[in-house]
Amino acid sequence: MTTHIARCVGGDRWVVSWLPGRTLSGQQAVTAMTIASTIADHAPTESDWAVLDGLALGLGLTAREAVGMVASEQHDLRRPATRPRSLE
């Protein structure tokens, strides 16, 4: 549903692609992925904003901050990385 991913980095610690530099609990990772999935294929509706407000609060964000971060962090980590070309 979204190009964003969550990866376990040990124990109950997770990193989410649209929250670089943050380590989350498992529940927070689920919340972050729910936010990303909610807005993956459409602009948020009024009812979406109400849900997003509650979800984002669990991450210490506002809904508008979270939506902005999801939109600005466009790293499709599901695709294999391309290798840089050698100059030799």
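This is a predicted model: local features need pLDDT of at least 70, side-chain atom pairs count only at pLDDT 80 or more; totals for chains, interfaces and linings use all residues.
Start with the pairing of α1 and α2. Helix α1 covers residues 26-38, and helix α2 covers residues 46-57. Two packed helices are described by the angle between their axes and the distance between the axes. For α1 and α2, the angle is about 160° and the axes lie 10 Å apart. Angles over 145 degrees count as roughly antiparallel, so α1 is roughly antiparallel to α2. Their crossing is left-handed.

Which residues make this contact? From α1 come Thr31, Thr34, Ile35 and Thr38. From α2 come Asp48, Leu52, Leu55 and Ala56. By class, the contact of α1 with α2 holds four nonpolar, three polar and one charged residues.

Now move on to α3. Helix α3 spans residues 63-72 and packs with α2 at an angle of about 90°. The axes of α2 and α3 are 8 Å apart. An angle from 65 to 115 degrees counts as roughly perpendicular, so α2 is roughly perpendicular to α3.

On the α2 side, Trp49, Leu52, Asp53 and Ala56 make the contact.

Arg64 lies over the face of Trp49, at 4.2 Å from the ring centre. As for pairs of aromatic rings, the structure holds zero.

Note on methods. Residues are numbered from 1 along each chain as its sequence is written. Side-chain values use heavy atoms; hydrogens and water are left out. Rings of Phe, Tyr and Trp (its six-membered ring) pair if their centres lie within 6.5 Å; planes under 30 degrees apart count as stacked, over 60 as edge-to-face and the rest as tilted. A charge sits over a ring if NZ of Lys or CZ of Arg is within 6 Å of the ring centre and within 35 degrees of the ring normal. Axes are lines fitted to C-alpha atoms, for helices over the stretch in contact, and angles run from 0 to 180 degrees between N-to-C directions. Helices (H or I, at least four residues) and strands (E, at least two) are DSSP runs, numbered from the N terminus. Angles under 35 degrees count as roughly parallel, over 145 as roughly antiparallel, 65 to 115 as roughly perpendicular and the rest as oblique. A crossing is left-handed if the near helix is turned anticlockwise from the far one by less than a right angle, and right-handed if clockwise. Contact means heavy atoms within 4.5 Å. Ala, Val, Leu, Ile, Met, Phe, Trp, Tyr, Cys and Pro count as nonpolar, Asp, Glu, Lys and Arg as charged, and the others, Gly among them, as polar.
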